[in-house]
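Subject: Structure for you to look at

Dear colleague,

Here is the structure I promised to hand over, with my notes on it below. Please read them with the model open beside you.

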Amino acid sequence: MHARPLIRLRLTTAATEEIGATPHGILSIFPITGGSFEGERLRGTVLGGGVDWVTAAADGTFELDLRVTLETDDGALIHMTFTGVRDDANHYFRTLPRFETAAPKYAFLNRLLAVGIGELHADGPLHVIEEIL
Amino acid sequence: MNTRLLMTLRVTVATPQSVGAVPHGTRRTVPLMGGDFEGPRLRGTVLPDGSGDWLLLRADGVLELDFRATLRTDDGALISMRSFGLRHGPPDVIAAIARGEAVDPVTYYFRTTPRFETAHPSYAFLNHLVTVASGDRRAEGPIYTIHEVL
């Protein structure tokens with residue numbers, strides 16, 4: 001499969017809200033307080049109010065379910081979601097981002113599928129997101 | 001992004017059920033009649049009952065696919081597959097596909113993101129895979145080349 005860089009997304013998170021053991025696993029809620037993103041075709045900041053719902057499975061892997069709003073440097077708002085998998089034992093952290101926007105300049109985001117490679121850093125996660133060509 | 005081939009999945013489609021105009025677009029449900037899949041680590045058939053593709057044609061001309069199928073491996077494991085996808089392209093190409101003509105898949109965008117669930121230990125690796133697929137819409141049904149994201 002061919003891909004090309006879309007954005008590098010950094011997220012900052014607040015203290016997790018531990019919901020605990022649910023029928024699907026142990027649920028932790030990570031409020032997203034901000035962040036930034038940068039790529040050749042778009043760049044800007046992450047608005048507060050986003051959330052990543054993270055469910056830990058019995059085998060030690062995590063399922064992610066994230067929703068955030070991105071604001072480009074020229075004022076467009078982009079709704080972004082992803083689901084993904086984090087498996088620390090195997091250093092596997094991959095997501096499937098999707099985008100929705102009403103801004104004509106960024107309408108190409110409505111028409112693409114993407115893959116994110118996640119990295120864990122002390123100041124928060126970094127997602128290297130590529131468009132699937 | 002590094003990937004490796006997981007499998008090639010061929011399905012055959014039954015007569016579509018045109019639900020029509022719904023609040024988010026035009027909805028069509030396409031039951032699957034069956035199919036097969038083959039890759040280095042798994043192979044088998046698609047169960048016809050309970051498998052289908054739920055399509056939504058958006059106002060911007062993009063077709064959203066919500067594909068769900070049950071796969072049975074040649075050694076008897078059942079695997080639930082769910083895949084969100086997008087299909088769009090030049091109007092003449094999309095019209096040719098609708099007429100059932102053979103169209104070169106490089107002329108349109110048809111990509112999906114399959115996820116898998118299974119209880120079978122031999123295939124547990126599928127539970128934690130993120131995969132991407134490119135589709136080739138043939139008259140009898142689509143062919144998906146599915147790659148694991150490494």
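In chain B, residues 24 or more positions apart account for 49% of the contacts with a separation of 6 or more, where two residues count as in contact if their C-beta atoms, placed from the backbone, lie within 7 Å. For chain A, among contacts between residues at least 6 apart in sequence, 42% join residues at least 24 apart.

Before the details, a word on the source: this is a predicted model, in which local features need pLDDT of at least 70 and side-chain atom pairs count only at pLDDT 80 or more, while totals for chains, interfaces and linings use all residues. Residues are numbered from 1 along each chain as its sequence is written, and chains are lettered from A, with ligands numbered from 1, in the order in which they are written.

As to confidence, pLDDT is the predictor's confidence in each residue, from 0 to 100, and its average is 94 in chain A, with 100% of the residues scoring at least 70. In chain B the average is 95, again with 100% of the residues at 70 or above. Within chain A, the lowest confidence falls in strand E2 (residues 17-22), at a mean of 90, and the highest in strand E4 (residues 43-46), at 97. For the complex, the predictor gives an ipTM of 0.81 and a pTM of 0.90.

Turning to the individual chains, chain A has zero helices and ten strands, taking helices (H or I, at least four residues) and strands (E, at least two) as DSSP runs numbered from the N terminus. The radius of gyration of chain A is 15 Å, close to the 14 Å that the globule rule gives for 133 residues, so chain A is as compact as a globular protein of that length; this radius is taken over C-alpha atoms, and the rule is 2.2 Å times the number of residues to the power 0.38. The C-alpha atoms of chain A fill a box of roughly 45 × 35 × 25 Å along the principal axes.

Chain B comes to one helix and ten strands, and from the N terminus on its elements run β-β-β-β-β-β-β-α-β-β-β. Its radius of gyration, 15 Å, agrees with the value near 15 Å that a compact globule of 150 residues would have, and its C-alpha trace spans about 45 × 35 × 30 Å along the principal axes.

Buried residues make up 32% of the 133 residues in chain A and 34% of the 150 residues in chain B. Here a residue is buried if 20 or more other C-beta atoms, placed from the backbone, lie within 10 Å of its own, exposed if 12 or fewer, and partly exposed in between. The largest nonpolar core has 55 residues, and those with the most contacts inside it are Val115(A), Ala69(B) and Val132(B); such a core is a set of buried Ala, Val, Leu, Ile, Met, Phe, Trp, Tyr and Cys residues joined through C-beta atoms within 7 Å. Leaving aside neighbours within four places in sequence, Ala69(B) is in contact with Val11(B), Leu32(B), Val46(B), Ser51(B) and Met81(B).

Also in chain B, strand E6 (residues 63-73) and strand E7 (residues 78-88) pair in the antiparallel sense over ten bridges, pairing being counted if DSSP finds at least two bridges between two strands. In this pair Leu63(B) stands opposite Arg87(B), and the two strands form a hairpin with four residues between them, where Gly76(B) in the turn has a positive phi of about 90°. E7(B) is also joined by ten bridges to strand E8 (residues 109-118) of chain B, and these two run antiparallel, with His88(B) opposite Tyr109(B).

One residue of chain A deserves a look, namely His91(A), in the loop between E7 and E8 of chain A. His91(A) has a positive phi of about 50° although it is not a glycine. Most residues other than glycine have a negative phi. His91(A) is exposed, with 9 other C-beta atoms within 10 Å.

Finally, the contact between the chains takes 15 residues from chain A and 14 residues from chain B. On the side of chain A that touches chain B, strand E7 (77-87), strand E8 (92-101) and strand E10 (124-132) of chain A each supply at least two residues.

With best wishes
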